[in-house]
Each structure stands twice: as structure tokens, then as C-alpha cells.
Amino acid sequence: RQNSSILLSKVSRVQNHIGIGNYFVKKKALNPEQKRQLRESGLFLTTMTKEKGKESYEASNILYHGALLAKEEGDAPQFYLMISKAKAMLPPDCLGKNYAFYRDVCLTNCEAAASVGEVLEVEEICHELQRNANSNEDKLKGLRYQFNAQKSANMLEKAIETGRQALTLMGFFVPFSLTPVQKKIITAKVELILLQKRTVFSTLVLNKEECEMAIYFISELSPIVFSQNPALLIYLSYLTLQVSIKNKFGKDGVALGYMLYGLIQCQSESGNIKKGIDLGRKAMEMVSGGERTPVSSTVEFLGANFLIHWQAHLKHSLPPLYRLISNGETNKLSDAPVILNAISYRKIFLAEKLEDIDSELNELRRTIDQVGDQVHVYRQMIYQQVTENLMSKSGDPVLLDGTHYNEKKLLADHIKSHDIITLFQFYVLKMMLCCIFRDFRKGLQ
């Protein structure tokens with residue numbers, strides 16, 4: 001009798017919370033107290049076991065709306081907890097009877113899982129969407145969450161494969177590599193596009209949403225491809241120009257194509273540096289002013305970097321980088337750590353007062369910590385440790401081991417995760433310290 005009483009009490013509380021939740025879900029606008037009650041009902045329902053039929057659907061709907069409120073208030077753990085439970089509570093017939101709700105729960109679960117670093121869960125849901133989604137648009141949204149989660153976790157090879165999968169879904173073919181003959185053909189096509197200001201040999205027509213998604217994936221893939229397989233940049237440049245010009249997508253995508261081709265001209269042995277600089281400047285002019293987008297932020301950031309690298313002193317690259325962050329002109333949060341790292345890296349070489357650099361690097365580190373991008377946190381730790389060594393606050397001035405960084409512990413992590421950019425900067429800065437402190441044998445190593 002006692003166990004039965006407890007069970008009935010729990011059933012009663014479940015029905016009560018479902019009743020409260022249903023009432024608030026149906027209301028168009030909620031005041032703060034009603035939002036709190038809806039979230040409380042959602043949190044209580046996370047303790048439920050999965051039921052069949054109507055009760056399961058109602059509970060899932062309440063959990064979904066509670067999760068959206070948690071997201072609105074910036075509570076990532078509760079957002080993830082409730083939407084994961086909402087996904088688990090979906091009744092078996094939901095896919096057929098209410099596809100729109102099934103899709104929204106799946107995509108929101110992808111977003112929440114990505115926000116807390118649950119890459120495997122994002123991949124599982126994304127694979128489910130590839131099987132069940134009614135449209136390519138829904139499949140692409142899932143792949144976008146998967147791509148961003150993999151990129152944030154520094155799973156770069158997986159991210160490239162996801163980007164290729166997304167572009168293939170839109171009708172593009174992205175090869176794993178280019179033969180010398182293919183590279184010459186694609187280069188000739190790009191040159192022809194630049195000369196005639198129109199596309200060549202393409203019948204592909206996309207709607208506005210597909211264009212935006214294609215340019216998004218290309219712009220996000222470009223920095224990864226540059227570090228992993230730079231030969232493919234020429235193909236991405238060609239693809240960007242084809243999509244943007246033929247489908248009248250606008251200057252933003254065209255600027256990205258110019259910038260990528262300019263980067264190739266500056267970096268390759270057979271390239272024309274002057275031409276690369278001209279293309280980079282043209283790309284930056286095209287996106288200057290107006291509303292920032294992920295593509296235009298990428299263009300301006302990379303454009304400033306490679307232009308300044310070839311033509312002017314490092315200090316001249318700081319103003320456009322500072323402007324992107326301080327004025328809030330980038331809509332993409334992941335731009336911030338990259339730009340702040342770039343600012344820090346250059347400051348070490350500008351011969352400013354080390355005490356000023358030290359305090360400024362600490363401030364920039366706090367901002368990067370808030371974004372939670374561990375790869376860029378590691379790079380900032382290296383810059384801070386180099387500055388500390390230059391101020392002679394460390395025992396062995398050429399050993400990056402002190403307040404901010406421990407090379408004996410962390411270097412193995414960078415090697416294991418194939419974080420090539422961090423390794424490159426580590427070795428360059430360590431070599432610099434060896435030269436400054438006249439430990440030439442270590443510098444040679």
C-alpha cells in the first residue's frame with residue numbers, strides 16, 4: 001500500500017506538470033513567472049521514464065519549449081538536458097504524424113549537444129536526419145551543426161568530410177586532391193571568370209537559401225583546407241565564383257572567391273604576389289561597410305593578414321582586426337578567438353613594453369576563455385608564456401614552462417590532435433627565444 005501510494009503520488013505530479021506545461025505552451029506570450037513555471041515543469045519531466053502515446057508526445061513538447069527558454073536565458077546545461085530528454089521522449093509515430101516537430105527537436109538537440117561539446121551525439125542525430133529528413137534543406141542544417149561541432153573539437157579531417165558531404169548534397173563535387181592537369185584546368189577557368197566577370201561551363205542554378213548554405217560551407221572550409229590540403233583552395237575559389245556570379249548571390253561570395261585566389265597567388269611558388277595583393281585588396285573593398293556576415297568577416301580577416309604579410313609592417317594589420325571585434329562587426333562568435341590570437345601574436349613582435357603586453361594578453365585571454373575554444377586558449381597560453389620568459393620571470397628562458405604554459409605536458413597534446421598551427425607557432429616562438437638568449441644549439445634543433 002505504501003509503494004502504491006508513492007507511485008500514485010508521482011503519477012499525480014506528472015499529470016500536474018503536464019497540465020501546467022500544456023497550458024503555458026499554448027499561450028502566445030509568457031511573463032517571467034510563467035516562463036519559470038514552464039521550465040520547472042520541463043525539469044521535472046526530465047525524471048520521467050518514456051511512456052507511450054499521447055503523454056509521451058505532450059511531455060516531449062513541454063520539454064522542447066522549456067529547453068528553448070533555457071537557451072534564451074543562456075543556461076546551456078539545462079538547454080541540453082531538456083532537449084535531449086525531449087528527443088528521447090518522442091513517440092515512435094512522431095516522424096510520420098508530426099514531422100515538423102520531429103525535425104525541430106532533432107535540430108535543436110544538435111545545437112544543444114554542440115554547445116556542450118557532445119560531438120558524438122551531434123553526429124548520431126545528424127546521421128538519423130540524413131535517413132529521415134523530408135528535404136535537403138533539413139539535412140544541410142544538421143550537417144552544419146555537425147561541421148561546427150567537429151571543427152570546435154579540432155576534428156579537422158572529419159569536418160572536411162562533413163563539408164564535402166554538404167556540398168555534394170547541393171550538387172557539387174569536391175575532390176580529395178587535384179592532379180597537375182586538373183589544377184591547370186581549374187586555374188584557367190578561374191582566370192577566365194575574373195577576366196569576363198561571368199561563370200563558365202556551369203548549368204547549376206540554386207535558390208537564395210542554397211547559395212547562402214554553399215557559401216557558408218566554402219567559407220568555413222577554406223581555413224581548414226588551407227592548413228590540411230592547400231592545393232584544394234583553387235577549387236574552392238572556383239566553386240565560390242561559380243555559385244556567386246551565376247546565381248547572382250552578390251558581392252560577398254564573389255569577394256571570398258577573389259580572396260581565396262589572391263591567397264593562392266601569394267602563397268604558391270608559381271604565384272604572382274602583386275596580383276594576389278590586388279585581388280585581396282579588391283575583396284576587402286567589396287565587403288567594407290554594411291552588415292558583417294561570416295563570409296565578409298572571413299574575407300576581411302584573412303585578406304588583412306595575407307596583404308600585410310606581403311606588403312607592410314605587422315602593426316598595420318592591427319586596426320582592421322581590432323575594428324572587427326571592438327565594434328562588434330562580426331556576427332560569428334568563432335571569429336573572435338582567431339582574431340584575438342592574431343593580435344596577440346603580432347604584439348610580441350612589435351617591440352612594445354613587455355609589461356603592457358603582459359597585461360593586455362591576460363585581458364585577451366579572458367575573452368577567449370569566455371568563448372570556450374580550447375585550441376585558441378592553448379595558443380594564447382603560449383604567447384603569454386613567451387612574454388613571461390622575455391621578462392625573465394621564468395627559470396630557463398628558452399623553456400616554455402611557467403605560470404601560463406607547460407610544454408612538457410601540453411606539447412604532446414598538440415601533436416596527438418594534429419594541431420599544426422599551434423605546433424608551428426610553438427616552434428617558431430621557441431626558436432626565437434633560443435636566438436635571443438643565445439642558446440643556438442637548441443634553436444637549431
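Me: What rules apply to the numbering and to the predicted model?
Reply: Residues are numbered from 1 along each chain as its sequence is written, and side-chain values use heavy atoms, with hydrogens and water left out. Because the model is predicted, local features need pLDDT of at least 70 and side-chain atom pairs count only at pLDDT 80 or more, while totals for chains, interfaces and linings use all residues.

Me: Why is the pair of Phe426 and Tyr427 called edge-to-face?
Reply: Rings of Phe, Tyr and Trp (its six-membered ring) pair if their centres lie within 6.5 Å; planes under 30 degrees apart count as stacked, over 60 as edge-to-face and the rest as tilted. The centres of Phe426 and Tyr427 are 5.1 Å apart and their planes stand at 80°, so the pair is edge-to-face.

Me: What makes Phe426 buried?
Reply: Buried means under 20% relative accessible area, exposed over 50%, and partly exposed in between (1.4 Å probe, protein chains only). Phe426 has a relative accessible area of 1%, so Phe426 is buried.

Me: Why is Tyr427 called partly exposed?
Reply: The relative accessible area of Tyr427 is 46%, and therefore Tyr427 is partly exposed.

Me: How many aromatic pairs are there by this rule?
Reply: The count comes to seven aromatic pairs. One of them joins Tyr216 and Phe217, edge-to-face, at 5.7 Å centre to centre with 80° between the planes. Both Tyr216 and Phe217 are buried, and together with Phe147 they form one aromatic cluster.
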